[in-house]
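I set out to record what I looked up in this structure, entry by entry. The sequence and the model come before the notes.

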Amino acid sequence: MRTAVYPGSFDPITLGHVDVLRRAAGVFDRVIVAVLVNPRKAPAGEADGRAAAISEAIAETLPEVVERIEVRAFDGLTVDACRAAGAHHIVRGLRAVSDFEAELQMAHMNHRLAPEIDTVFFMTALEYGYLSSSLVKEIARFGGDVTAMVPPGVAARLRASAEGGARL
Ligand code: PNS
């Protein structure tokens with residue numbers, strides 16, 4: 001069974017992330033979405049909320065592979081999350097050349113820390129190449145329409161949050 005870990009902040013998960021996840025599920029038998037949560041910065045319960053939003057987003061957008069995808073929160077090193085999951089591959093998405101330098105550095109560093117683990121890159125689909133979680137959050141905060149950028153449940157949570165309701 002080939003297992004990969006797809007680590008990230010996913011704050012929030014976007015359709016670009018979903019696209020990378022779909023591609024990864026085409027190559028690996030099992031994909032663990034590892035959600036980085038810093039317990040020193042994140043309020044209590046934030047980890048569970050973000051993981052729940054991601055699980056819901058996967059069920060909505062990738063029903064054909066949902067059974068092979070698992071969502072886990074983590075707060076240490078990505079390579080430790082990989083070892084805990086029995087994974088020998090890290091999945092990351094590349095949107096543009098501007099992503100490359102930081103990703104190359106992380107891939108080399110992770111390989112230095114754990115030589116048995118390799119990073120695999122998927123090119124995010126062109127239509128999502130402009131997406132970023134921080135831009136999505138900013139647009140939503142000011143009442144902009146993000147329905148073409150994030151899964152439906154995430155869009156609803158962002159809308160509710162902008163209107164002063166639930167946190168993401
Ligand atoms: O979605 P992001 O913010 O681009 O994800 C970055 C992430 C979570 C992959 C990266 O910050 C990470 O791996 N953090 C965990 C701590 C770690 O392993 N640091 C060393 C990386 S070489």
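Entry 1, leucine 131. I worked from a predicted model throughout. I listed the contacts of leucine 131, leaving out residues up to four places away in sequence, and found Thr14, Leu15, Gly16, Arg95, Val136 and Met149. I then located leucine 131 in the loop between strand 5 (118-123) and helix 5 (133-141). Is leucine 131 buried or exposed? I read a relative accessibility of 5% for leucine 131, so this residue counts as buried. I also took the C-alpha separation from leucine 131 to valine 150, which is 9.4 Å for two residues 19 apart along the chain.

I looked up the peptide bond from aspartate 11 to proline 12 and found it cis, with omega near 5°. Proline 12 belongs to the loop between strand 1 (3-8) and helix 1 (15-27). Phenylalanine 10 has its place in the loop between strand 1 and helix 1 as well. I noted that phi of phenylalanine 10 is near 45°, a positive value in a residue other than glycine. For background I recorded that most residues other than glycine have a negative phi and that most peptide bonds are trans. I checked the exposure of phenylalanine 10 too: its relative accessible area is 3%, and because the cut-off for buried is under 20%, phenylalanine 10 is buried.

How many residues of strand 1 are buried? I counted six of the six, so strand 1 is largely enclosed by the rest of the structure. I sorted its residues by direction: Thr3, Val5 and Pro7 point one way, Ala4, Tyr6 and Gly8 point the other way, and all are buried. I then examined the pairing of strand 1 with strand 2 (residues 30-36), which is parallel and runs over six bridges. Within strand 2, alanine 34 is the residue that proline 7 stands opposite.

I placed valine 71 in strand 3 (residues 69-74). Leaving aside neighbours within four places in sequence, I found valine 71 in contact with Val33, Val35, Ala51, Ile54, Ser55 and Ile58. I recorded 4.7 Å between the C-alpha atoms of valine 71 and valine 33, although 38 residues separate them along the chain.

I found glutamate 103 in helix 4 (residues 97-113). Its relative accessibility is 8%, so glutamate 103 counts as buried.

I counted six helices and five strands. Which pattern do they follow along the sequence? I read β-α-β-α-β-α-β-α-β-α-α. The radius of gyration is 16 Å, close to the 15 Å that the globule rule gives for 168 residues, so the protein is as compact as a globular protein of that length. I noted a box of roughly 45 × 35 × 30 Å for the C-alpha atoms, taken along the principal axes. Buried residues make up 44% of the 168. Among contacts between residues at least 6 apart in sequence, I found that 75% join residues at least 24 apart. The accessible surface comes to about 9000 Å², and 56% of it belongs to carbon and sulfur atoms. Last, I looked up the charges: the mean positions of the 18 positive and 21 negative charges are 3 Å apart.

Terms used: Residues numbered from 1 in each chain as written. Predicted model: local features only at pLDDT ≥ 70, side-chain atom pairs only at ≥ 80, totals over all residues. Heavy atoms only, no water. Helix = DSSP H or I, 4+ residues; strand = E, 2+ residues; numbered from the N terminus. Rg over C-alpha atoms; globule rule 2.2 N^0.38 Å. Buried < 20%, exposed > 50% of the residue type's maximum accessible area, 1.4 Å probe, protein only. Contact = heavy atoms within 4.5 Å. Areas by Shrake-Rupley, 256 points an atom, 1.4 Å probe, with all protein chains shown as cover. Lys, Arg positive; Asp, Glu negative; His and termini not counted. Charge placed at Lys NZ, Arg CZ, Asp CG, Glu CD. Pairing = 2+ DSSP bridges.
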